[in-house]
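Subject: Structure handover and findings

Hello,

Here is the structure for you to open alongside this message. My notes on what was found in it follow below.

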Amino acid sequence: ILIVFTKHCFSAFNYIFYTLSANGKRRYYKGNCDKKYFYFFHNYIKYLMRFFNSLNEYGLLAKLFHWITFLVLILQIPFGFYLVGLEFSDERIELENVHILIGITIFYITLFRLMWKFINPNPTSSINIFKGQALVAKLNHFLLYLSILMITTSGILKKLYMGESLNFLFFDYGFKKDNFVLADAFYQVHIYANYLLIALIVLHILAVIAHHVLFKDKILKKIT
């Protein structure tokens, strides 16, 4: 099966290559290939390219990363503030474990998102309303990623320095010695990083609204 599949691959790509005729028009070199294989691989490559960013919009994977992160954070941030107001009890411990598990998941998603962003550049900006707009947008995105990583890592370190063992989905890990001073310090970082993230999300949403309403730049279409 593999040999036959490979043979048809070469036949299909042989079909794709073309030479230019004397009048400058494209002329496909057809070789020994059935058209159905050409259309199969053409549609397959076309479908595969939907996962990658183009010049005009984000790819399918970048969109999934964006909206999954957004929806989880919209639930996770209020959930965290709700936990702060609870009395110490078995219920709070169970809810904190859920909160931590979601936070670790966000941490992994953010790392994968950054790696994907590194190998898959963003679409170009269609409209520059003012000088330095691109710099402001990049700074906002940088701070968004930074605040998410600060929240997740500080929350993890706070729990580890309290002497707890955490489930990192693929393995369990805990520090040998506790340190309540550092645990309290990372808790403060966790709180203030949440406030920073809330401010950045509000700014991000306001910028999108401004693009749509004031500048008539349908920027949201790039990520939906």
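Helices and strands here are DSSP runs, numbered from the N terminus: a helix is a run of H or I with at least four residues, and a strand is a run of E with at least two. This is a predicted model, in which local features need pLDDT of at least 70 and side-chain atom pairs count only at pLDDT 80 or more, while totals for chains, interfaces and linings use all residues. Residues are numbered from 1 along each chain as its sequence is written, and side-chain values use heavy atoms, with hydrogens and water left out.

Overall layout

The protein chain has 6 helices and 4 strands. Read from the N terminus, its elements run α-β-β-α-α-α-α-β-β-α. Of the 224 residues in the protein chain, 29% are buried. Buried means under 20% relative accessible area, exposed means over 50%, and partly exposed is in between, with a 1.4 Å probe and protein chains only. A contact means heavy atoms within 4.5 Å. Among contacts in the protein chain between residues at least 6 apart in sequence, 61% join residues at least 24 apart.

The loop between strands 3 and 4

L169 sits in the loop between strand 3 (166-167) and strand 4 (172-173). L169 is not a glycine, yet it has a positive phi of about 70°. Its relative accessibility is 41%, so it counts as partly exposed.

Aromatic pairs

Rings of Phe, Tyr and Trp (its six-membered ring) pair if their centres lie within 6.5 Å; planes under 30 degrees apart count as stacked, over 60 as edge-to-face and the rest as tilted. By this rule there are 8 aromatic pairs. One of them is the pair of Y161 and F186, which is stacked, at 5.9 Å centre to centre with 5° between the planes. Y161 lies in helix 5 (residues 133-161) and F186 in helix 6, so this pair ties together parts that are 25 residues apart in sequence. F168 and F171 are also a stacked pair, because their ring centres are 5.2 Å apart and their planes are at 10°. F168 counts as buried at 11% relative accessibility, whereas F171 is partly exposed at 44%. F186 is partly exposed as well, with 23% relative accessibility. Ring pairs also link Y161, Y173, F175 and F186 into a cluster.

Two packed helices are described by the angle between their axes and the distance between the axes. The axes are lines fitted to C-alpha atoms, for helices over the stretch in contact, and the angles run from 0 to 180 degrees between N-to-C directions. Angles under 35 degrees count as roughly parallel, over 145 as roughly antiparallel, 65 to 115 as roughly perpendicular and the rest as oblique.

The axes of helix 3 (residues 60-84) and helix 4 (residues 90-119) cross at roughly 155° and come within 10 Å. That angle makes helix 3 roughly antiparallel to helix 4. Their crossing is left-handed; a crossing is left-handed if the near helix is turned anticlockwise from the far one by less than a right angle, and right-handed if clockwise. The contact of helix 3 with helix 4 has 17 nonpolar, 6 polar and 3 charged residues. In this count Ala, Val, Leu, Ile, Met, Phe, Trp, Tyr, Cys and Pro are nonpolar, Asp, Glu, Lys and Arg are charged, and the others, Gly among them, are polar.

H99 belongs to helix 4 and counts as buried at 16% relative accessibility. Leaving aside neighbours within four places in sequence, H99 is in contact with Q76, F79, G80, L83 and H190.

Helix 5 with helix 6

The axes of helix 5 and helix 6 come within 7 Å and cross at roughly 150°. The two helices are therefore roughly antiparallel to each other, and their crossing is left-handed. The residues of this contact divide into 19 nonpolar, 10 polar and 1 charged.

L200 lies in helix 6 (residues 180-213) and is buried, at 7% relative accessibility. Not counting residues up to four places away in sequence, L200 touches N140, L143, L144 and S147. L200 and L144 are 56 residues apart in sequence, and their C-alpha atoms are 6.5 Å apart in space.

N194 is also found in helix 6 and counts as buried, with 9% relative accessibility. With neighbours within four places in sequence left aside, N194 is in contact with I77, F81 and I151.

Regards
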